[in-house]
Amino acid sequence: MNQILKQLYTTTLLLLFSFAIVQAQSDSTRTLTVAGNCAMCKKRIETAAKLQGVESAVWNASDNLLHLKYNAQKVELETIKKNIAQVGHDVDNLIASDESYAKLHECCMYPRLENGQVPEKKAVPTEAGHHNHPHAVTGVVVEENEKGDLKPIVGANLHWANLPSRNTRSNENGVFKLEHKEGFDKLVVSYVGMKSDTITIKDLHEVVMITAKGNVLMEVEVKGTRKSTYIDRMTPARLEVLTGKELFKAACCDLSESFETNASVDVISADAVTGSKQIQMLGLSGIYTQLTVENLPGPRGLASPLGLNSIAGTWIESIQIAKGVGSVANGYESMAGQINVELKKPQNSERLFFNAYANNMGRTDVNLNLSQKLGQHWSTSVLLHDNFMYNKSMNFSHNGFRDVPVGNLFSGVNRWLYENGKGLMVQFGVKYLNDDRTGGQIDFNKKTDKGTTNRYGLGFDIERVEGFAKIGYVFPENKHRSIGLQLAGSNYNQKSYFGLKNYNSEQQNGYANLLFQDIIGTVAHKYRVGASINYDNYDEWYLTDQNFKRKEVVSGVFAEYTFSPSEKFDAVVGLRQDYNSLYGWFTTPRLNLRYAPIAGTTFRASSGRGQRTANIFAENTAVLASSRRLIIQSQDIYNKAYGLQPEVSWNTGIAVDQNMRIFGREASASVEFFHNSFSNQVVVDYENPREISFYNLTGKSFSNSLQTEFRFMPAPHFETRLAYRLLDVQTDFQSGRKTKPLLAKHRGFVNLAYNHHSGWSLDYTLNVVGPKRIPSTMDNPVEYQMPTESKTYATMNAQISKTFGKDKNFTVYLGGENLSNYFQKTPILAADQPFGNHFDTSMLWGPLTGRMFYTGVRYFIK
């Protein structure tokens, strides 16, 4: 297998370099993302781009894309980008200076680009008349001279043909606002010395551009749209982006709840008592998905079980989901994919954002974000999250155990940004988490029952402190050349108990990543090189006498080459070489390909290796809340990581995305297939109901994931997503090859979203989950046995919200989760004998709680 893959990489590289030589002799075509708003922006951008050697430059406001055709021998792409930025428009990762941006016309004050991405715009269906409701129409009146320059017209008169008394004038920048009424679409424009005209407005929710040329006034139509979730069509890896608008479709109190309207990621409860949640992607547990926060390590190691709860949904700017292998620059641990969370930035987020949430089960969340610019170069923000749960009697299955632990979780972030405008950017900050919760039987009292057999209880007392910094420098003479240093350090401390069992743990982590990137000749050839080091110090106490300690240091170097001869093709070839202080040297090769033969069709392929070290206690909390015997099958459980070998897998995937138009509206379809094969895995074996075993894989373990998704708009303002996923995940256990337990082979997904410009939004999500294999319980007494397979079930979530205010800055929302009220009737085995031999909270295959309703408010100040 390794020889075949090595030959494939070598052959691919030779083909890429050969293709590069041929392409270098021809003209180049490129597509750049350039931020703008209106026809004035279009004129300015295209004029700045048409340097000597540029054959054509066409910018579209609908997608903010500039299509270039130029001679690379006469002009460099970087020169074109610099010229565009100099007139005030952000282009790709080149941000225009604040001075040039401030000089733009009032109508052209576009949302700034963020990491090369265009911030979301309001979805605008194409049918005429669909905006037929009261609101304010905004526009600009300008005059174009013989040279093509645009000059605002001050004092132009505008009124609706149906109602001349409703009129307005353009201000000193030519900008006007006019209240619209139902049925009005004809706008009369007049100005002294020019021929008046009556203009039919085709899109009343976009900026109306009225241009006077040759003393005649006329409209220039501009449209823009951005979905709440989309596939980035230009990235070599298939990157699904969830914007802030998508997160508002549900309460999203924390990161674990941010995937409720997503078909790619499942979030499940890890067991029936701790409240911890895990993600699943490609049929594999979340431990195989690399979780990063702004490309720095997210909650990992011992922090994994409750890590999703520690990142508040209101902090999140966007979420990027990449299946398969990621970039070697982000490390070696990605085996099923990478989820990167982008937090709100101090330089462009709201000055104040407040969110309050409460549900009928007794949970309350309060979130407060504050940001402030300090002078020309500095900005700072504070993000706060507080979660309260004090309903001790919530117990849908009536088994006497709390479905969710009670207590308080507080977390906060303070971050700072310095940017000198000359290429230097410094970000740094601190994060803090304190989680104090108590679970178990409803009448458990920590003061009198802890450590006794009076009543069963469990508790967590967790504290995590983290510091982080990013230092980057972009060379002024070459914007493609940059150097960056990423730093992070954290201390995690957990004290916990589960009945008569104690589990205390501590982890110190240090991380540093140095990157340098540049181009080779032209932007068709890019490269990144760097070095990284990751330090982990673990100290775990299980029961009272088992102490597991280890220091693990992984240092390495990496190189990544990107070949982009045209907008149709990209190839990224990466290689890492790392040294693990416990396990020695290992190599991580990765390859990502993208090919778009025609407009709207994109093929992607990827393959590569991943490696990680398992933390068996933290990643399997159900073993702690159970009477199962814990067995580690290794010669020396205190050597290295429990005496077990690191997990290693190869992931290969293909995906096809097709954009189209149905009934004149945008639509897309996608099909993807990923295969993950383990050469070693720490097998978690639940097949004996009286024990849980951990051992190294001796046979095969693999996962196959096939997913199809269809997105379209059957009506104006109405977006629909349909998806189906098929999983085949099998492992060779000591008792034979079996499918992965508690994992559904089939899943169906429907999401319906209606968003009206009047401020009303309605979202509905349906999940249909197929049967799951349940590990055998035949050795238990009859009353503590379970069937071998769960039933198919469906869950439904819905939310309605209304936005108020002149600036649409106040929102009230009301929603419900699991509206079908389906929940597992027996989530805990032997709940009546929690200190007996058959007590087990790990056999959770369905929802733990039933129907739940919530309400909340959001308020912001820009």
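**Figure 1. Charged side chains across the predicted protein.** The protein carries 92 positive and 84 negative side chains. The centres of the two sets lie 2 Å apart. Lys and Arg count as positive, Asp and Glu as negative; His and the chain ends are not counted. Each charge is placed at NZ of Lys, CZ of Arg, CG of Asp or CD of Glu. This is a predicted model: local features need pLDDT of at least 70, side-chain atom pairs count only at pLDDT 80 or more, and totals for chains, interfaces and linings use all residues. Residues are numbered from 1 along each chain, and side-chain values use heavy atoms, without hydrogens and water.

**Figure 2. The setting of S505.** S505 sits in strand β29, residues 501-520. Strands here are DSSP runs (E, at least two residues), numbered from the N terminus. S505 counts as buried because its relative accessibility is 4%; buried means under 20% relative accessible area (1.4 Å probe, protein chains only). Beyond neighbours within four places in sequence, S505 is in contact (heavy atoms within 4.5 Å) with L302, Y492, N493, Q494, D539 and E540.

**Figure 3. Around Y642.** Leaving aside neighbours within four places in sequence, Y642 contacts residues including E540, F548, R550 and I632.

Terms used:
Helices (H or I, at least four residues) and strands (E, at least two) are DSSP runs, numbered from the N terminus. Buried means under 20% relative accessible area, exposed over 50%, partly exposed in between (1.4 Å probe, protein chains only).
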